[in-house]
Amino acid sequence: MTNMYDVIIPAAGMGKRMQANKNKVLLELSGKTILEHTLQAFQDDNNCRAIHLAAQSEELEMFRTFALQYHKLDVITEGGSERQYSIYNVLKAIKPCEYVFVHDAARPFVTRETLQKLYAAVQLRKSAIAAVKVKDTIKRVHGTEVKGTLNRDELWQIQTPQAFEYHTLLAAYEKAERDQFLGTDDASLVERIEKVSIVESDYDNIKLTTPEDMYFAEAILKKRGII
Ligand SMILES: Nc1ccn([C@@H]2O[C@H](COP(=O)(O)OP(=O)(O)OP(=O)(O)O)[C@@H](O)[C@H]2O)c(=O)n1
Ligand SMILES: O=P(O)(O)OC[C@@H](O)[C@@H](O)[C@@H](O)CO
């Protein structure tokens, strides 16, 4: 079947803001690492054909052992100094396919519903990214002075997964390399060459970034009856 997607999961970060003295994706939540929770979400999604990982060089071997449990795990490539470089390394290492999702290893709570909505949207609209409405009022501030209040109706918090046609994502990464453009997500590279659309996701799809996020993670696991 050709019309399935491959997913690239960047897991080569340091997790500095988590202050755990190790790569945060190897921290455990109910007996499994954060990375394994994330791998499981894609292993369980019938539309996902293969999972590709970016890993730190010292963790490449350990990550390869996960392939015993997760049979979709395919390419595992060394990451770079920035998230964008890690993803580009994987993108260059995989075989061309129709659709590619990119998803942070550090977002273990992505649901089947969001994956299905993204897969439907990318087939229709070529690029689709997960997002939730902003709940707070957002202001522009210089120093301590408020310069303005943004129109909240137009503001969305962007998450991963982000889904693209393979050739579009590769072209966007190649252009970013030529232009030395560094973005904080994949869509910001694709937006420079093509329209990107959002798919409404949910507020549980958090990125585990700072220590207090681990409390939210436990609450989500409780809500789901996992602990
Ligand atoms: N050079 C990098 C940096 C980040 N990531 C991955 O990108 C995802 C999102 O990044 P972030 O939450 O910023 O993770 P870290 O970079 O690990 O965190 P920090 O910035 O606090 O060090 C994570 O799954 C992380 O492992 C990566 O593969 N390669
Ligand atoms: O800026 P950070 O390093 O926290 O995160 C980078 C990305 O992981 C992040 O932009 C996507 O998850 C979309 O929100």
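Helices (H or I, at least four residues) and strands (E, at least two) are DSSP runs, numbered from the N terminus.

I noted that this is a predicted model, where local features need pLDDT of at least 70, side-chain atom pairs count only at pLDDT 80 or more, and totals for chains, interfaces and linings use all residues. Residues are numbered from 1 along each chain as its sequence is written, while chains are lettered from A and ligands numbered from 1 in the order in which they are written.

**Helix 4, buried side**

I then listed the buried residues of helix 4: T114, L115, L118, Y119 and V122. They sit on the same side of helix 4, because they cover an arc of only 135° around the axis. That arc is taken over the directions from the helix axis to the C-beta atoms.

I checked what covers these buried residues. The cover includes strand 1 (5-10), strand 6 (99-102), strand 7 (127-133), strand 10 (156-165) and strand 11 (197-200). Contact here means C-beta atoms, placed from the backbone, within 7 Å.

**Helix 4, length and end**

I compared the span of helix 4 with expectation. Its 14 residues (112-125) should span 20 Å at 1.5 Å a residue, and the end C-alpha atoms are 20 Å apart, so the two agree. The expected span is 1.5 Å times one less than the number of residues. Just after helix 4, I found K126 with a positive phi of about 75°.

**Other backbone entries**

I found a cis peptide bond from T160 to P161, with omega near 10°. P161 belongs to strand 10.

Q19 is not a glycine, yet its phi is positive, about 55°. I placed Q19 in the loop between strand 1 and strand 2 (28-29). Q19 counts as exposed because it has 9 C-beta neighbours inside 10 Å.

Q180 also has a positive phi, near 55°. Q180 lies in the loop between helix 5 (166-179) and helix 6 (187-190). With 6 other C-beta atoms within 10 Å, Q180 is exposed.

**Ligand 1**

I counted 22 residues around ligand 1, of which P10, G13, K16, R17 and S86 come nearest. A residue is near if its C-beta atom, placed from the backbone, lies within 6 Å. The shell divides into 8 nonpolar, 7 polar and 7 charged residues. Nonpolar covers Ala, Val, Leu, Ile, Met, Phe, Trp, Tyr, Cys and Pro; charged covers Asp, Glu, Lys and Arg; the others, Gly among them, are polar.

Methods:
Buried ≥ 20, exposed ≤ 12 C-beta atoms within 10 Å, placed from the backbone. Contact = placed C-beta atoms within 7 Å.
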